[in-house]
Amino acid sequence: MATPILKVITQYCSILIDDINLDALARENMPLYARRMWSYLQAAIPNFTTPSGMIPYLMGTPDSPKLIEPIYGSTKYILEEDITEETNVALENGAGYELFSCKIETIDKRERVILTPTDLVKYDSENGIITFTASAENPIPKGTVFNIDFYTDGYFKEDLSVEIMRILGLCFQVVWQTRFNNDWLSNVSKVEDRSFSEQNRANKEKTDTERLARYKSDLNSAMRALERNLAIRKILPSSGLI
């Protein structure tokens, strides 16, 4: 029985981090959230170094892969004319996705891109058709830009144990914290004047470093415990104690 990647992400990774931007993304655009979280998990898997052989167990080999990666995509669709009735459009290579999100893209006065959720578009996964739900009373004007994201989940071919999925979550936590420790804007020196004073920068860096070290220590302890438990199971396979 395979293990879906989103199961690992939602049950064992997301609960270990507190990221309001990712939380907002999960509410507003689930396909993009899943894609972003997979990028963290993909970078985290190589941290699972103990017991030896864990990475091939999770990922397999080039000739015999055991990790089937997610499939995702994004596209823009710009209306070439006003739509005043329900209209179907077949997207190229748009069939078969599990998750779909569509937003209307606009540019504000400061030339910033604004993405606004919309319920004007429905998606048929089986044939890759999107349906614009317009009417004469509620038309969709020419030039409207629809920003569309797709995602189909991947999976580990192995039926991963709770213990292994928990350690993957700890690997994920280390990568996530490392990303914030290396954030350029937080680390670069700021110009101070009467209107701005940067306080406790050294304390913040020290706290971030200590937090990352603690996460790495937790990960190493969990991996060693897994190695020890596997050894005990080989000796006492039917003890029922582990």
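This is a predicted model: local features need pLDDT of at least 70, side-chain atom pairs count only at pLDDT 80 or more; totals for chains, interfaces and linings use all residues.

**The pockets and their linings**

Modeller: The lining of the largest pocket is made up of 5 nonpolar, 1 polar and 5 charged residues. Rolling a probe the size of a water molecule over the atoms shows where empty space is left.

The volume of the largest pocket is about 200 Å³. It is lined by 11 residues, of which Asp19, Asn21, Leu22, Leu25 and Arg36 are the closest to its centre. Which helix gives the most to this lining? Helix 2 does, with 5 residues. At least two lining residues come from each of helix 2 (20-28), helix 3 (30-44) and helix 5 (162-181).

The second largest pocket has a volume of about 160 Å³. Strand 3 (residues 71-78) supplies the largest share of its lining, namely 5 residues. The lining consists of Gly73, Ser74, Thr75, Lys76, Tyr77, Leu91, Glu92, Asn93, Gly94, Tyr97 and Phe150. Sorted by class, these are 4 nonpolar, 5 polar and 2 charged residues.

In one of them, the ring centres of tyrosine 77 and phenylalanine 132 lie 5.7 Å apart and the planes meet at 35°, so the pair is tilted; the tilted class begins where stacking, under 30 degrees, ends, and it stops where edge-to-face, over 60, begins. Because tyrosine 77 belongs to strand 3 and phenylalanine 132 to strand 8 (residues 129-132), the pair ties together parts that are 55 residues apart in sequence.

Are the two partners buried or exposed? Tyrosine 77 has 26% relative accessibility and therefore counts as partly exposed, whereas phenylalanine 132, at 0%, counts as buried. The cut-off for buried is under 20%. Two further residues of the second pocket's lining, Tyr97 and Phe150, form one aromatic cluster together with Phe100 and Tyr123.

The chain as a whole provides the setting. It has 242 residues, 35% of which count as buried, and its secondary structure comprises 7 helices and 10 strands. Among contacts with a separation of 6 or more, 77% are between residues 24 or more positions apart. The chain exposes about 15000 Å², with carbon and sulfur atoms supplying 51% of that area.

Note on methods. Residues are numbered from 1 along each chain as its sequence is written. Side-chain values use heavy atoms; hydrogens and water are left out. On a 1 Å grid over the protein atoms alone, a cavity is a set of points where a 1.4 Å probe fits but cannot get out, and a pocket is an open set with protein on both sides within 12 Å along at least five of seven lines; lining residues have an atom within 4 Å of a point. Grid points are joined across faces, edges and corners, and a volume is the space filled by probe spheres set on the points. Helices (H or I, at least four residues) and strands (E, at least two) are DSSP runs, numbered from the N terminus. Ala, Val, Leu, Ile, Met, Phe, Trp, Tyr, Cys and Pro count as nonpolar, Asp, Glu, Lys and Arg as charged, and the others, Gly among them, as polar. Buried means under 20% relative accessible area, exposed over 50%, partly exposed in between (1.4 Å probe, protein chains only). Contact means heavy atoms within 4.5 Å. Accessible areas come from the Shrake-Rupley method with a 1.4 Å probe; for residues, only the protein chains shown count as cover. Rings of Phe, Tyr and Trp (its six-membered ring) pair if their centres lie within 6.5 Å; planes under 30 degrees apart count as stacked, over 60 as edge-to-face and the rest as tilted.
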